[in-house]
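Please keep the view open as you read.

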Amino acid sequence: MTAETESSNIDDSSQEAKPSQLLDNETSENLPVKKKASCCTGLKVFLAALSFSYFSKALSGTIMKSSITQIERRFDLPSSTVGFIDGSFEMGNLLVIAFVSYFGAKLHRPKVIAVGCFTMALGSVLTAMPHFFMGYYKYETASDTRSSANSTSSIKPCSPHQDLNETFLDTSQSACEKEPSSYMWIYILLGNMLRGIGETPITPLGISYLDDFAKEENVPVYVACLHTIAMFGPMFGFLLGSLCARLYVDVGFVDLGKIAITPQDSRWVGAWWLGFLIGGVISFLAAIPFCFLPKSLKKPLKANTDKTSPGLLENMGAMRKTLPPAKSKPIKWSTMLKDFYTSLKKILSNRMYVTFLCSSLLQFSSFIGFLTYKPKYMEQQYGQSASKSNFLIGLTTLPPVGIGIFLGGIIMKKYKMSIIGATKFAFTMSFFAYSFTLLHFVVGCENQVVAGITASYDGKPIPYHENAISSDCNSGCKCATNVWDPVCGSNGLTYISACLAGCTISEGHGKNTVFHNCSCLEASSSWSGNNSVTLGQCPKSDNCSMMFIYYTVIQVISGFCYALGGTPAYLIMYRCVQPELKSLAVGLYTLVMRMLAGIPAPVYFGALIDKTCLKWASTRCGQRGACRLYDSNAFRYVYLGLSAMLRAPSYLLAILFFILIKKNIQNKNSKLAENGEDVPMNKEDNCKNSEHLASSSEAEKESHT
């Protein structure tokens, strides 16, 4: 039966291909061998160039994710505003994605991708520009340890004769009048938006180009290769972000010996701008190969005969009949707009595609919010520095994800998965990963013990948001209560400043400054040791370090399992629509993800995270700046809980999607039986007949008319 089906399909395809055979024969008469070689070479070059562009766009996007904390601190912004800046990338996509996906497929696709890469490079450079127009970074401090960096004079934080709060406000107002960078973050927003515009054509046009000129059985492997290579972008992006976060923001322009803060300090700002400049150069290099690639490639003969699914041949036959006249006539914009409306209507009436779209929307909302604030979560929950957080994400989390994506494509090709098999596999892997990530709730750390905020001055816990910054032990000191300049006491308790710790003298300078005779350490009834404090917050407990190891293991396992079903899940979308609508389907999918997930998710994730802040910084203008200290327990439940709540309903939609697929296959088989055709009984034939299922009734009507 298989042989009969294949022979009939070949006969049908040969009859339908008659209008285009003359053109093919005329072309092959000139240089047949050379044409075939150039075709294969062109496809390989395009695949290599597209892989590098995937790497560059993933690298630039990761640099933004890894720099979120640095940008937040440098511009004194809350998490919700930083989330809005991060979402501006999706806004750029939203402006042009639908039109680029549809009209770009009718233009020179490699050159459109080249223009996109050049635009990405320009956006990355624009994002870094505010650093060169701003003054040096001045972190908030209650005692001017910077001025004594090369001095042996003693600092007296607790001074009953001077109102440091008033002095700080006076200098803040004068600095505020001279500070020109209050709204410089807008340039970061615009640069990120421009980068989003440039990234738009890479995925829809690149994938559709590959799918048009490659063998069908090789497409899953090519897509898996693309996504695997793209995973090196986030990996190197986070490693680069780690290096930049370790360097001081004004490195090369200031004396680092005068800097009294370390990368572990919540006021530390790394060289966030350096990563964007490097990303811009890489995006520029990625654009060059596309400038020399042809508009189209000739498929090898096997690629045309391998695609023997009935639905595909019917649609391809209809396209072959209509394609030659379209090439001889100039394309009218009115006709293109009318075709766009008709194609969009077909896609939105496809119940399987819409169900898949809604399920993916919930998944993507959870993923984008989780990834945006993952470095911040590691910093606040486990006491890691921004540099170490980025380094661990790039080194431990992303490689298993890349391996999982690649293996998913290999498994799909080896077992020749139908759309049903791909759905089962993707659902199982995703649900297992989701269940495993719920363990994150039990591997958190307790709140940082800060006197006056999370604990009293004798070390006992105090209720949430019932601050008691002033105490009898520092009542004789005139301390600035709105400044965050933490010190760690010998008793393991963190104080907001050396003044609020009641310290009277100091020795050393810069990062090595030590304060002595701190009266508030004597308030702790269980402490009878040295009454001195050092700069910076106290480190987390050893138990918290062990919890961080558990957290890393959970991330590795869940990330690998989720990525294993990523390639089958991604290719389901291509099998749910008619072949000629694939490019528009990908574009619409990306549009919805950007508009309803990419833009709002970082904002509402950030807004809820802001609610867990215990101590805000004060800007030079006296306004609220970035958050310095979060409630660890509230942060964990908000961050992880919101992500879990978004993903849970997506699996109900996935079950509905599976039901629709089975129903569609049954209807397809019943119609074949009514027409007296052979109903596929084995797995391979069922795979062929189910690859292009969606809108099957519409496809049949179009093929018969």
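Q: At what angle do helix α18 and helix α21 cross?
A: This is a predicted model, where local features need pLDDT of at least 70, side-chain atom pairs count only at pLDDT 80 or more, and totals for chains, interfaces and linings use all residues. Residues are numbered from 1 along each chain as its sequence is written, and side-chain values use heavy atoms, leaving out hydrogens and water. Helices (H or I, at least four residues) and strands (E, at least two) are DSSP runs, numbered from the N terminus. The axes of α18 (residues 386-414) and α21 (residues 566-575), lines fitted to C-alpha atoms over the stretch in contact, come within 7 Å and cross, on a scale from 0 to 180 degrees between N-to-C directions, at roughly 65 degrees.

Q: Which residues of α21 meet α18?
A: Contact means heavy atoms within 4.5 Å. From α18 come Ile405, Gly408, Gly409 and Met412. Their partners in α21 are Thr567, Pro568 and Leu571.

Q: How far apart are the axes of α20 and α21?
A: Helix α20 covers residues 542-564. Tyr562, Ala563 and Leu564 in α20 meet Gly566, Thr567 and Pro568 in α21. The two helices pack at about 35 degrees, and their axes are 4 Å apart.

Q: Which strands stand at the edges of the sheet?
A: Five strands form an open antiparallel sheet in the order β2-β1-β5-β4-β3; strands pair if DSSP finds at least two bridges between them. Two strands each have a single partner, so one side of each is left without a neighbour in the sheet. They are β2 (494-495) and β3 (505-507).

Q: Which residue in β2 is the bridge partner of valine 487?
A: Strand β1 spans residues 487-489. It pairs with β2 in the antiparallel sense over two bridges. The partner of valine 487 is tyrosine 495.

Q: How many residues apart in sequence are the parts tied together by glutamate 199 and lysine 57?
A: Their side chains meet in a salt bridge (3.3 Å, N to O), defined as a side-chain nitrogen of Lys or Arg within 4 Å of a carboxyl oxygen of Asp or Glu. Glutamate 199 lies in helix α9 (residues 185-199) and lysine 57 in helix α3 (residues 32-66), so the pair ties together parts separated by 142 residues.
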